[in-house]
Amino acid sequence: MSVHAESGDFVDRARKGWAQVRPDLDVASIEVMGRIARIGALANHRAERHLVHEGLTRAEFDVLCTLARSGAPLRASEVTVATMLSGASTTKNADRLARRGLIERLPWEHDGRVVLLRLTVQGQELVDREFPRFLERDRQMLSGLSASEQAKLATLLRKVALAAESSS
């Protein structure tokens, strides 16, 4: 057994530390929320590391994937909502992606002040190449769970996500 397995994960060590310095606090919520945050940070770091060869950030890849799965051009505000980026960040990422020829801006027929974002052929090819690799990295991270365990975890996390989204 590795040293990490014997001493638990990051959250186990954090709880132990809090128990020593603030035994009056109930830190049970970090069993879930701390792990969600930690796993998310690790997944993002891993994605960033693997996207660097394409010259992309994770945020840029999220913009590309949002456009790829939409099936139609989207307003920048729709991309902002889907990616949870700020409006300014969406604009910055869209500018960079457009300069690289991965997306294009189109006027919106209903309102000339609104610009739509659409993947180019080059952008679609990049998503088609990188998204399966992204999914494989996710599968590797979940490989310690059976299909049934993954389904149960997905159901529980959906409940947490719905509660979080309704309270934001």
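Rings of Phe, Tyr and Trp (its six-membered ring) count as a pair if their centres lie within 6.5 Å; planes under 30 degrees apart are called stacked, over 60 edge-to-face, and the rest tilted. With that rule, a search of the whole structure turns up two aromatic pairs. The structure is a predicted model, where local features need pLDDT of at least 70 and side-chain atom pairs count only at pLDDT 80 or more, while totals for chains, interfaces and linings use all residues. Residues are numbered from 1 along each chain as its sequence is written, and side-chain values use heavy atoms, with hydrogens and water left out.

Take the pair of Phe 61 and Phe 134: the ring centres sit 5.9 Å apart and the planes meet at 50°, so this pair is tilted. It ties together distant parts of the chain, since Phe 61 is in helix α4 and Phe 134 is in helix α7, 73 residues apart. Helices (H or I, at least four residues) and strands (E, at least two) are DSSP runs, numbered from the N terminus. Phe 61 is buried, at 1% relative accessible area, and Phe 134 is buried too, at 14%; buried means under 20% relative accessible area, exposed over 50%, and partly exposed in between (1.4 Å probe, protein chains only). Phe 131 and Phe 134 make a stacked pair, with 5.8 Å from centre to centre and 15° between the planes. Phe 131 is partly exposed, at 32%.

Leaving aside neighbours within four places in sequence, Leu 64 is in contact (heavy atoms within 4.5 Å) with residues including Leu 56, Leu 97, Ile 103 and Leu 126.

Then there is Asn 93, which lies in helix α6. At 3% relative accessibility, Asn 93 counts as buried. Apart from neighbours within four places in sequence, Asn 93 is in contact with Thr 57, Ala 59, Glu 60, Val 63 and Leu 85.
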